[in-house]
Amino acid sequence: MNEKNAPTIYEQLGGAEVLRQLVEAFYTRVEHDPRLRPMFPDDLEPGKEHQFLFLMQYFGGPGEYGQRRGHPRLRMRHAPYPIGPVERDAWLEHMLASIDEVGIDEPARSVMRTYFEQAANAMMNRYAPE
């Protein structure tokens with residue numbers, strides 16, 4: 001529990017297993033998406049592990065991501081990849097669908113959806129002309 005005595009999202013989910021399922025569902029979608037697959041390396045396993053560890057830490061679980069990889073620096077880590085509206089929308093579509101597939105319930109569902117919507121926008125580094 002956090003300092004306000006409310007359970008973290010990690011605790012609401014029941015621990016790591018649901019986040020592992022979320023990452024697997026997400027990466028299954030990415031693997032078959034021609035908009036996103038070219039941006040990912042041939043071997044998806046390291047990315048799955050990094051995403052799992054990050055989400056576990058971000059949502060209140062163990063801080064193993066930070067111990068292994070340091071500060072997340074998400075914008076820096078994503079800077080080499082051209083992320084415009086199409087890529088953002090595809091990524092978000094897959095993440096939100098994965099939340100539904102895994103069956104994450106409220107209130108964690110809304111908190112996670114809001115975070116992913118904000119994160120998807122924050123990772124954009126290419127913008128369509130107006």
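The charged end of Arg-20 sits over the ring of Phe-52, 3.7 Å from its centre. A charge is counted as sitting over a ring if NZ of Lys or CZ of Arg is within 6 Å of the ring centre and within 35 degrees of the ring normal. This is a predicted model, in which local features need pLDDT of at least 70 and side-chain atom pairs count only at pLDDT 80 or more, while totals for chains, interfaces and linings use all residues. Residues are numbered from 1 along each chain as its sequence is written, and side-chain values use heavy atoms, with hydrogens and water left out.

Helices are DSSP runs (H or I, at least four residues), numbered from the N terminus.

Val-18, Leu-19, Leu-22, Val-23, Ala-25, Phe-26, Tyr-27 and Val-30 of α2 are buried (under 20% relative accessible area, with a 1.4 Å probe and protein chains only). The cover over the buried residues of α2 includes α1 (9-13), α3, α6 (85-102) and α7 (108-122). Gln-51 is in helix α3 and counts as buried because its relative accessibility is 13%. Leaving out residues up to four places away in sequence, Gln-51 touches Val-23, Phe-26, Tyr-27, Trp-91 and Met-95; contact means heavy atoms within 4.5 Å.

Aromatic pairs come to 11. Rings of Phe, Tyr and Trp (its six-membered ring) pair if their centres lie within 6.5 Å; planes under 30 degrees apart count as stacked, over 60 as edge-to-face and the rest as tilted. Two of the pairs are set out here.

| Pair | Centre to centre | Angle of planes | Type |
|---|---|---|---|
| Phe-26 and Tyr-27 | 5.5 Å | 85 degrees | edge-to-face |
| Phe-59 and Phe-116 | 6.1 Å | 70 degrees | edge-to-face |

Arg-37 lies in the loop between α2 (16-31) and α3 (45-58). Arg-37 is buried without a salt bridge, and Asp-42, the nearest side chain of opposite charge, is 4.9 Å away. A salt bridge needs a side-chain nitrogen of Lys or Arg within 4 Å of a carboxyl oxygen of Asp or Glu.

Terms used:
Helix = DSSP H or I, 4+ residues; strand = E, 2+ residues; numbered from the N terminus. Buried < 20%, exposed > 50% of the residue type's maximum accessible area, 1.4 Å probe, protein only. Lys, Arg positive; Asp, Glu negative; His and termini not counted.
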